[in-house]
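Subject: Structure for you to look at

Hello,

Here is the structure I said I would pass on. Please open it first and keep it beside you while you read the notes below.

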Amino acid sequence: MDIANVFESKAKQLFWKPIDAGHLIGEPAPETVQAGHAYFTIRLCEMYLAFARKLWRQIYPMVHCFTQFGGISGHSVVSPVELAALGDVNLDRLVNLDVLLSGPNPYTGGDVSLIAGLYAVPGHDSAVALINLVSSFAALDPTPIGLAVEVAGLVGNAVESIVGLDQAVLHLGVSETFHSPANPLASGYFAGIAAPASAIDATQLWVVNGRLQKGPDAASSVAYTDHDYMLISIERSAARDDWAQLSELQECRQKLATIAGDSLFTVAEKQDRLAALWPTFMQALTDSPSLTDPDRERIAGLVSGDLLNRLKMQSAGNPFLRGAS
């Protein structure tokens, strides 16, 4: 079963719009994500249920996000169990959080599809356990590729099981595809509110330090509580701060570091060995699907600069040896 069909069969056309640039307080102005030159990251900033109880049952918010771009698809589930670890006493109503849903992803052009649903889930042990299981699978970064595909299938099937349950009620569903030039992918904040668009005055909506608020102006605005909602952000970045954790680079980086730190070789010998291994590292950078071309050049400069600096310091000798100073 297609997860998009499961989602769309229950969804309603409600309010879903980007927050106006002039209504972003303490946040950078929206900026277009250029294909081949930048990354995009999708985060869940907030989710809120106006009512925390249905009859005698306690209910909790859950957000499921499905993204698809460049032939890659991914699921993310923000579950009550995960949120409980944050120690939020108002878990059943409002949760202020910044949870990574997707990324950072290099934008290579083409369509970027986002499907997100805000659900009300009863706090039954079985339902919570199932959601937490899916969250655990979704957080994995398995290798090799074959295992990644298999796990992705398991996650997709489990998510379909969750959203197909009668006790998991979809309160808000949104589906949007970003594409140039009509609707280019850009950074910013998007508010999904479980109310007809005609009932929401967008001029009253503000994002203040990453939180959705309502009021005639930012200074007098207060936390939004009129309806169920979720606030999602798209971030643009020119460089990856986490590049050192990419699995496709770790083996070669470790070899380079081992050579530079090997006390059995002279500086000249280390330089020869580093020169022999450098093309392999450059090939790993080139082959990485997680990087943009400008960032590959930046990372190559960082790594080579660090290695050259280490060799220079070693050429100066050990300052702690007796008679060295």
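What follows is a short account of what was found in it.

This is a predicted model, in which local features need pLDDT of at least 70 and side-chain atom pairs count only at pLDDT 80 or more, while totals for chains, interfaces and linings use all residues. Residues are numbered from 1 along each chain as its sequence is written, and side-chain values use heavy atoms, with hydrogens and water left out.

Overall picture

The protein chain has 7 helices and 14 strands. Both are DSSP runs numbered from the N terminus: helices are H or I with at least four residues, strands are E with at least two. Of the 325 residues in the chain, 41% are buried. Buried means under 20% relative accessible area, exposed means over 50%, and partly exposed lies in between (1.4 Å probe, protein chains only). Contact means heavy atoms within 4.5 Å. Among contacts between residues at least 6 apart in sequence, 77% join residues at least 24 apart.

Helix α5 covers residues 247-261 and helix α6 covers residues 267-287. They pack at an angle of about 170°, with their axes 10 Å apart. Axes are lines fitted to C-alpha atoms, for helices over the stretch in contact, and angles run from 0 to 180 degrees between N-to-C directions. Angles under 35 degrees count as roughly parallel, over 145 as roughly antiparallel, 65 to 115 as roughly perpendicular, and the rest as oblique. The two helices α5 and α6 are therefore roughly antiparallel. Residues of α5 in this contact include L249, C252, L256 and I259, and those of α6 include L274, L277, W278 and F281.

Helix α7 covers residues 293-315. The pair α6 and α7 also packs at about 170°, with axes 11 Å apart, and is therefore roughly antiparallel. Among the residues that meet here are L274, W278, F281 and L285 in α6, and I299, V303, L307 and L311 in α7.

How do the axes of α5 and α7 cross? They come within 10 Å and cross at roughly 10°. That makes α5 roughly parallel to α7. The contact is made by L256, A257, A260 and G261 of α5 and V303, L307, R310 and Q314 of α7.

Charged pairs

Side chains of opposite charge can pair when their charged atoms come close. A salt bridge is a side-chain nitrogen of Lys or Arg within 4 Å of a carboxyl oxygen of Asp or Glu. A search of the whole structure finds 9 salt bridges. Three of them are described here.

E235 pairs with R43, their closest N and O atoms being 2.8 Å apart. This pair links distant parts of the chain, with E235 in strand β14 (residues 229-237) and R43 in strand β3, 192 residues apart. E235 is partly exposed at 32% relative accessible area, and R43 is partly exposed at 24%.

R273 and D262 meet in a salt bridge of 3.9 Å, N to O. R273 is in helix α6 and D262 is in the loop between α5 and α6, 11 residues apart. R273 is partly exposed, with 33% relative accessibility.

D293 forms a salt bridge with R296, with the closest N and O atoms 2.5 Å apart. D293 and R296 are 3 residues apart in helix α7, so about one helical turn separates them. R296 is buried, at 14% relative accessible area.

Strand β3 (residues 39-48) contains E46. The side chains of E46 and Y229 are joined by a polar contact of 3.1 Å. A polar contact is a pair of N or O atoms within 3.5 Å; within protein, one must be able to donate a hydrogen and the other to accept it, and residues adjacent in sequence count only if both atoms are side-chain atoms.

F40 is also in strand β3, and is buried at 0% relative accessible area. Its C-alpha atom is 6.7 Å from that of Y107, 67 residues away along the chain.

Regards
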